[in-house]
Amino acid sequence: ACVIGGFASPLSKAAPRGAAVGSTWLYVSRDGGRSFRAGAELGPPGTFFDSGLVSPRPGTILATKQVGTAQELRASFDGGRRWTTVHRGVLGYLGFTTPSQGAGIVDRSNHTSSMIMTFDGGRHWAAVHF
């Protein structure tokens, strides 16, 4: 994810078509990170958080998004064109150990944490009880 422009910086000639200063865009690589191209626009500044941005397999992207005063975990299974909410809550950590198995640490308002896991590539998440 990349925020276009910056403080006192105009748009670059390489900015995606339709980009505005401060808009956030998804950049994708199809060659293992040797090159990137602009993909979908993610939204206005501050709505998606790159600290909660993961891609367990090509075409699948999960990102945390600010929605009003709450946060959601959003998933795209088509390279960022369409997004769906797969979990609601503040995530302090999000990661995958395999393309299908992932874990997240949910930070609660009472200063406690819980763990959620997925076993289907991020489509469904459930609390882990110890």
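**Exercise 1.** Classify R74 and E72 as buried or exposed, and identify the salt bridges of E72.

*Solution.* Both R74 and E72 are buried, where buried means under 20% relative accessible area, exposed over 50%, and partly exposed in between (1.4 Å probe, protein chains only). The model is predicted: local features need pLDDT of at least 70 and side-chain atom pairs pLDDT 80 or more, while totals for chains, interfaces and linings use all residues. Residues are numbered from 1 along each chain as its sequence is written, and side-chain values use heavy atoms, without hydrogens and water.

A salt bridge requires a side-chain nitrogen of Lys or Arg within 4 Å of a carboxyl oxygen of Asp or Glu. E72 meets this rule with R74, with the closest N and O atoms 2.8 Å apart. E72 also forms a salt bridge with R88, at 3.4 Å from N to O. E72, R74 and R88 are therefore linked in a network of salt bridges.

**Exercise 2.** Which accessibility class does each partner of the R82 and D78 salt bridge belong to?

*Solution.* The closest N and O atoms of R82 and D78 are 3.1 Å apart. R82 is exposed, at 62% relative accessibility. D78 is buried, at 13%.

**Exercise 3.** What is the strand order of the open sheet formed by four strands?

*Solution.* The order is β8-β9-β10-β11, with antiparallel pairing; strands are DSSP runs (E, at least two residues) numbered from the N terminus, and two strands pair if DSSP finds at least two bridges between them. The edge strands are β8 (90-96) and β11 (126-128).
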